[in-house]
Amino acid sequence: MKAAISVQATLPSLQTVALLPFTVFTFLMFELPKTLFVAALDTFYVFLQHVIVFAFKPPPPESGKSVKYRGRIAVVGAGLTGISSAAHAVAHGFDVVIYEKDDHVGGIWASVNRTSGLQLNSLLYRFHPSVIWKRGFPQRDEILGAEIHRIHDEYALDQRTRFNTPVTSIKRKEGSGKPSNSESDTASSKWIVNDGEDGEFDAVIVTVGTCGEPNMVQMKGMPGWKDEKKRKQEKEAKEKQDEERKDREGKAQDRQVADLDGVWETPKEDPKAVERDQVEKKEQGFPDPHEAYVADDKPTQDDSNYHKSGHSNGVWDKHKPSVNAWDLQREQVNKKDQGFPKPGEAYDVGEDTQEPVEKVMEEGVHEQVRGDHHTRHHSKKARKHHHSEINGKHSAEDDDNDDDVFKGPIIHSSGLDHDDAPEFRDKIIVVIGSGASAVEAVETALAKGAKKCVVLARQDKWIIPRNIIVDTLVSSQPFGREMPLSFVWERFITWYNYRGVEDLVPKHLGLFEGTPVVNDEFLKHVRAGKCDYVRGDTERLTSRGVRVNVRQRDSKPGDEGQIKEFDADVVVMATGFSKPKIDFLPDDLFPEGYERPNLYLQNFATEDWSILMTNSSYMNAIGTVGHFHIGIYARILMTFLMDKDARPMPKDMKLWVDVIRFVKRGAKGGALGFFTYMELTIWLLLFHLFRFDRVKWLFFIMQGWGVRPQYA
């Protein structure tokens, strides 16, 4: 017996000895070469960054010496872009004051999860030449602590930063800049920030970014949604009363009937008020505003009757032509860029308000015929009946059940690792959203031990791999829009990244029509069954989870689908961030048609070159917001301050915007609503080539060479 036990005890040792040669062989042939190769790549990666630092880093001013400043610049925001812009300005001999509303630097990077990291390889995210990344995809703490804070300290920006100082007002000093009736003056403006305590500034760099406060969308079935509904109803009632009062006083402008054919315009107001206004006009027999713009953007003889656009949330005026064909076409393109409805879409008033004027079919589907425009859609009543039939678990009254409230935690995707974040282990996590924050939320939840994740995507987005070669080549497309051969890239990405999950490939969105998600892990989780991807419209939260109108791949948001309810222990709202406001700037800087993102070089206000909005105006792009262009834009502004002959006139800046609109007419989302990094590079190069008096500044603007501080 003892001998048997002894033999059994020695078996593992014998097996280990027998496998030792194979283990050594595997290590020498595979693991060791792999380890050496990775180490060599890491060494080369760090060496390459040191070369960039040596060639392009602007040295900080020498301490203890008095600098003779070339000008004063105010920077709004102490995020990544603000710190980089300020460091560049200080290094080239400009005085800088940074205004930050919080008590710390970092911007959005100070608010995201610790696990948040770069989507692109860090070689494509060199927001300042002195950055030295330790790895290809650094996470928040390295980005925030090791680099943003380090640059803030190295360039002695702490003494220049006004923490807890939100900017509420930026005003042009009276008498400075161009006269209000001038189109040719390029004189420099003087700017007063807030109460003027810090004196006058020669220029302002607005770096509020595109991500403000977390956008926590309120939905039916959330705790407290009844109170939110009541507040909304009270607000609408008050707005209606104000509207009626203005009508009585003769001040209302919400129903100005145009001359000739009687097409109306609707001013900017509450969507409900616009909706009521449209229904009233329809019932009163106003004509349907067909031919508002021609879909192919080609002006015709009929198009010439449509000139002056109205407000972006309404229908536009129709007037006799008073301009030439170029202006008419530009106006049509502007309307399309700004989201005006196409012919036949003017009565977009929702299901409830359309019921009285439509014929209800026996199957609960409304049929509406307006000229040659034929539409079919489910009414609210039909949708409720559809819920009951499909699910068999709830009645029509469930949609308005005030007590059917989700009982579990509801959290925004930016708070997944906060101290008060809920427990994820062995829980079912439902993520509402489909962008980068949703993908990151899935990764975080699964890393924390979640049992399963469900992503509810209203719209599909492209997901491209974290591959520096692929990402660089995709962002090198120079046209900044979908082109006839764009399908080549789309098919390659489908083959490379979507194998086994082809149903997730966007059906109605081109690769060059929106910002893609850069991620390697999410689709792996879907393939492995750890995450379910559901395409549909989230209708409400329930006591057990989330109710969704599930749609097929070839559908669009709002189309008919199948109502399903998904169980959830935790609901994550991956609904992004609100767009930061810039209402502290004068309104006259952004005339109609030249608001964000329709700016000169996409970042300069067309009415005054001394207002720069780096990374605060873009909407969608393939590339990155944290790269070399931060310094390039800052140096363009500094060039304008140093050389008055290099400054653009307002009419020139508007012409640049108009030319881009003409070249990219028909682009989805507008001419400047999407760009690639190669397109941005072309803009910056042409900035010099079309004005030879700027060529002398080429190496300063593009590389940062040649301008150093002047010491007193």
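This is a predicted model: local features need pLDDT of at least 70, side-chain atom pairs count only at pLDDT 80 or more; totals for chains, interfaces and linings use all residues.
Strands are DSSP runs of E with at least two residues, and helices are runs of H or I with at least four, numbered from the N terminus. Two strands pair if DSSP finds at least two bridges between them.

Residues are numbered from 1 along each chain as its sequence is written, and side-chain values use heavy atoms, without hydrogens and water. Local features need pLDDT of at least 70, side-chain atom pairs count only at pLDDT 80 or more, and totals for chains, interfaces and linings use all residues.

Strand β3 (residues 95–99) pairs with β4 in the parallel sense over 2 bridges. Isoleucine 98 has threonine 161 in β4 as its bridge partner.

Arginine 160 sits in the loop between α3 (140–154) and β4. Its contacts (heavy atoms within 4.5 Å) include Asp95, Val96, Val97 and Ile98, leaving aside residues up to four places away in sequence. Tyr69 and Val90 also touch arginine 160.

| Residue | Relative accessible area | Class |
|---|---|---|
| Arginine 160 | 14% | buried |
| Phenylalanine 690 | 67% | exposed |

Buried means under 20% relative accessible area, exposed over 50%, and partly exposed in between (1.4 Å probe, protein chains only).

Phenylalanine 690 lies in the loop between α15 (677–689) and α16 (698–703).
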